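Okay, everyone, thanks for having me. Let me put the structure up on the screen, and then I'll walk you through what sits around the ligands.

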Amino acid sequence: MLHKPLDAIFPSPPDGLDPFALDPERVPEHVAVIMDGNGRWAKKRALNRLKGHKAGIEAVRETIRCASDAGVRYLTIYSFSTENWKRPEEEVVGLMDLFAKTMLAEVDGLHEEHVRVRTIGDISALPEETRAAFDEAWEKTKDNDGMTLLVAVNYGSRQEMLRAVQACMREAVIAAEETGAIPQVDERMFERGLYTADIPDPDLVIRTSGEMRVSNFLLWQMAYSEFYCTDVLWPDFNRYDFLRALLDYQSRDRRFGAVQS
Ligand code: IPE
Ligand code: IPE
Ligand code: MG
């Protein structure tokens, strides 16, 4: 359901892009974004990489607003992967600080928009200040009924799946001990162990900066997601790029392994 008229969400579209081409009835329920290209954006301007990450915040703000207005129910933003610890210490520390400050600065505005802020990933490994900022955001917004914003931070799909397997093993072994049967695991049980346990799979995955890879993101959950890749570097990504992704998504024929409808 649209929360604003299309021409209010997309007030000055570039030539050739028509917001009214969007079908409000077929907006994806869950959009996941691999926000990439902050470093290259900074490099092009001879700036420190952290300046690229800071510039990326505006793109995050605009994407959240636009997705919420367009009626997206879940928006996942890949903010820090389990592999991103390999980056120089200055960048990692700067990113953690940026997450904490941004979360604290934005939470009231998100709350006013009825957004629910959650994390996926192992936040116990984050610096105290960063973890506390995410916890506070969740506490403040958990009862909201608007869009759920999932911040993937210290998130890695392989780590998530191993964690789910361990949870399954515990559950299955206990059940088997009671009945004497062989331990059994099924899809539902596995999914209960994922960070996204109660979240529908992403319908649309967007990746910026021209890369065509998944980088350990939602491997299980994106089994049938539609992909949209754009050369735009994340800090340059705006509502019209988001609209292009939505329109492209609506042009796809999703078959889920069945025959064409
Ligand atoms: C994405 O931008 C942000 C994070 C991974 C935190 P990058 O920092 O990966 O930017 P590039 O890929 O080096 O341009
Ligand atoms: C993916 O981007 C992770 C995030 C956007 C947080 P990366 O820049 O880390 O991915 P690779 O290294 O190019 O695959
Ligand atoms: Mg990158």
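Predicted model: local features only at pLDDT ≥ 70, side-chain atom pairs only at ≥ 80, totals over all residues.

Now look at the oxygen atoms of ligand 2. One oxygen atom of ligand 2 has a polar side-chain atom of Ser-215 at 2.6 Å. Arg-87 has a side-chain N or O atom 3.2 Å from an oxygen atom of ligand 2. And with Arg-207, a polar side-chain atom is 3.4 Å from an oxygen atom of ligand 2. How much of ligand 2 does the protein bury? On its own, ligand 2 exposes 390 Å², and the protein buries 78% of that.

Okay, over to ligand 1. Around ligand 1 you'll find Met-35, Asp-36, Gly-37, Asn-38, Gly-39, Arg-40, Arg-49, His-53, Ser-79, Asn-84, Arg-87 and Leu-95. By class, that shell splits into 2 nonpolar, 6 polar and 4 charged residues.

Here the backbone joins in. Gly-39 has a backbone N or O atom 2.9 Å from an oxygen atom of ligand 1, and for Asn-38 a backbone N or O atom is 3.1 Å from an oxygen atom of ligand 1. There's a side chain too: an N or O atom in the side chain of Arg-49 is 2.8 Å from an oxygen atom of ligand 1. As for cover, ligand 1 has 380 Å² of accessible area on its own, and the protein covers 87% of it.

Which elements give two or more residues to the shell around ligand 1? They are helix H2, residues 38–44, and helix H3, residues 49–70. H2 gives the most, with 3 residues.

And where do the ligands sit? Ligand 1 sits in the largest pocket, and ligand 2 sits in the largest pocket as well.

Let me finish with what the UniProt record says. Which residues does UniProt list under "active site"? The entry, which is unreviewed, gives Asp-36 and Asn-84. They're spread over 49 residues of sequence, yet they cluster in space, with a largest C-alpha distance of 12.2 Å. Both Asp-36 and Asn-84 are included in the lining of the largest pocket.

UniProt also has a "binding site" annotation, again from an unreviewed entry, and that one covers Asp-36 and Glu-226. Of those residues, the lining of the largest pocket includes Asp-36.

Where is Asp-36 placed? Look in the loop between strand E1, residues 30–34, and H2.

Definitions and conventions. Residues numbered from 1 in each chain as written. Chains lettered and ligands numbered in written order. Heavy atoms only, no water. Near = heavy atom within 4 Å. Polar contact = N/O pair within 3.5 Å; in protein donor to acceptor, adjacent residues only side chain to side chain. Areas by Shrake-Rupley, 256 points an atom, 1.4 Å probe, with all protein chains shown as cover. 1 Å grid on protein atoms, 1.4 Å probe; cavity = no way out; pocket = protein on both sides within 12 Å on 5 of 7 lines; lining within 4 Å. Sits in = over half its atoms within 2 Å of the grid points. Helix = DSSP H or I, 4+ residues; strand = E, 2+ residues; numbered from the N terminus. Nonpolar A, V, L, I, M, F, W, Y, C, P; charged D, E, K, R; others polar. UniProt positions renumbered as here; feature names shortened; annotations may be inferred.
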